[in-house]
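Subject: Structure handover

Hello,

Here is the structure you will be working with. Please open it alongside this email and follow along.

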Amino acid sequence: MPSLTRVQAVCAIFSLCLAAPDAGARVIEVGAGESIQAAVDRAEPGDTVSVGAGTYSGEGGLALVHVRTAGLRLQATRSALLDARGYTYGVLVGDDGPVGPDGCAPISVRGFALSGFTVKSAGHAGLRLVGVDGFSVRDGALLDDGGSGVAPRCSAHGLVSGLFASGHRGAAVYLADSDHVVIEENAMTQNGIGVLVENSTFAVLRHNQIFGNSAGIALWVQPQLPLPLTDHVRIAENAIVQNDLPNGVAADGADSLGAVPSGAGILNAGADHVTIERNVILGNDSFGVATVGSPFAPADPRIDPFPDDQRVARNVILLNGHSPDPERASPPGADIVFAPSVIDFQTRQVLTPDPDSSDDCFGDNRFFTEYPTGVTSELPCP
């Protein structure tokens, strides 16, 4: 997929720009007991707010640190703890707001970088980016931040790298309504999902360690959002191992996260142009890689429910599917599952058949079990 190289090029250029601040830029230092927000409020584009070791907290509200200034850098080591108890977000970049089929939040911040920090105990997300074009999040830790660790929305041209994320009810990294984002070299454990990609395009997930979550990686298309598709996603060279924790979200509730079976390695529910290659996917109880039609398509006529142009090649996919989640309707347990039609897995009834699945392919994978039998031989990669 040639377009994916643009993701890497944009992120490289953006990183170089961040590494070379303007000659007039300042470094504003914050020590233990001082206010990070006060430093952010007086910062100008291109400035760096450098935070010393210590614990930083507050009385609660929307965000412990709220950034609206373009080109700002926040830097610290992980020994700078943002204790976000009582706040919706530990760090909010941009302005949160409603997102619907008529449009996304507008770009309001151009250029943002965060390095280091430990963000803990936010109510909804440790780091939320909304309407941010050009961002870099590196080398921090996110712990027990309610729904998500890092949650870019309506954002573009970003990098999420070198993080440790644990203890989130939803996803360690939740990418929504965004494009051209690289998620690499992170460690994710004891979350609902390691990485969730929702209604986003040109995403790269590579070199991540995703283990001991309820599910590893999920791609899907939610209804009534600005972009009615998830398209061009590359999942490469990740370790996705034993993601078998119980799903803490109710299976019969309104939250779609509750439908994701515990023990899912990689779930593609209706995303297009997905490449899954050179991953190690081991010991996930429900399945290793499952490709299914989107269950959300009936709620939005703009959504094409069928996963098209998927390539699954050169992966090690072993010892998966031995004990599927008994509480959730899901595909049969196997290393590789390919069921691209819209199916009610409770009754096994095909609701909307995929008219043509010949554009999907499998090649040179190491696996033991598949569903249906022989499907990988029937759809070889050229």
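Start with the second largest cavity, which is lined by R169, G170, G192, I193, S214, N247, L257 and V260. One thing to keep in mind throughout: this is a predicted model.

**Cavities**

The volume of that second largest cavity is about 40 Å³. By class, its lining has 3 nonpolar, 4 polar and 1 charged residues.

How many cavities of 30 Å³ or more does the structure hold? There are 2. The largest cavity has a volume of about 60 Å³. Its lining is made up of L114, G116, F117, V119, L127, V137, G140, A141, L142, V150 and L163. Of these residues, 9 are nonpolar, 2 are polar and none is charged.

The largest pocket has a volume of about 610 Å³. It is lined by 31 residues, and the closest to its centre are A259, P295, A329, I343 and F345. What is the lining like by class? It has 20 nonpolar, 7 polar and 4 charged residues.

At least two lining residues come from each of β25 (264-269), β28 (287-292) and β32 (342-344). Strand β32 gives the largest share, with 3 residues.

The second largest pocket holds about 280 Å³ of space. It has 18 lining residues. Nearest its centre lie H124, Y174, E198, D255 and L257.

The lining of the second largest pocket divides into 7 nonpolar, 6 polar and 5 charged residues. Again, strands contribute. β13 (148-153), β16 (171-176) and β19 (193-198) each supply at least two of the lining residues. Which strand gives the largest share? That is β13, with 3 residues.

**Nonpolar cores**

Next, the packing inside. In soluble globular proteins, nonpolar side chains tend to be buried together. The largest nonpolar core in this model has 66 residues. Within this core, L74 and F117 touch the most other members. Apart from it lies another core, of 30 residues, including A63, A105, A171 and Y174. Y174 is also one of the residues nearest the centre of the second largest pocket.

Take a closer look at F117. Leaving aside residues up to four places away in sequence, F117 touches I36, V51, L74, Q75, A76, T77, R78, A80, L82, G140 and A141. L74 is on that list, and L74 is the other residue named for touching the most core members. F117, G140 and A141 also line the largest cavity.

**K120**

K120 lies in β9 (residues 118-120).

L142 is one of the residues lining the largest cavity.

Best wishes

Definitions and conventions: Residues numbered from 1 in each chain as written. Predicted model: local features only at pLDDT ≥ 70, side-chain atom pairs only at ≥ 80, totals over all residues. Heavy atoms only, no water. 1 Å grid on protein atoms, 1.4 Å probe; cavity = no way out; pocket = protein on both sides within 12 Å on 5 of 7 lines; lining within 4 Å. Points joined across faces, edges and corners; volume = space filled by probe spheres on them. Helix = DSSP H or I, 4+ residues; strand = E, 2+ residues; numbered from the N terminus. Nonpolar A, V, L, I, M, F, W, Y, C, P; charged D, E, K, R; others polar. Core = buried A, V, L, I, M, F, W, Y, C linked by side-chain atoms within 4.5 Å. Buried < 20%, exposed > 50% of the residue type's maximum accessible area, 1.4 Å probe, protein only. Contact = heavy atoms within 4.5 Å.
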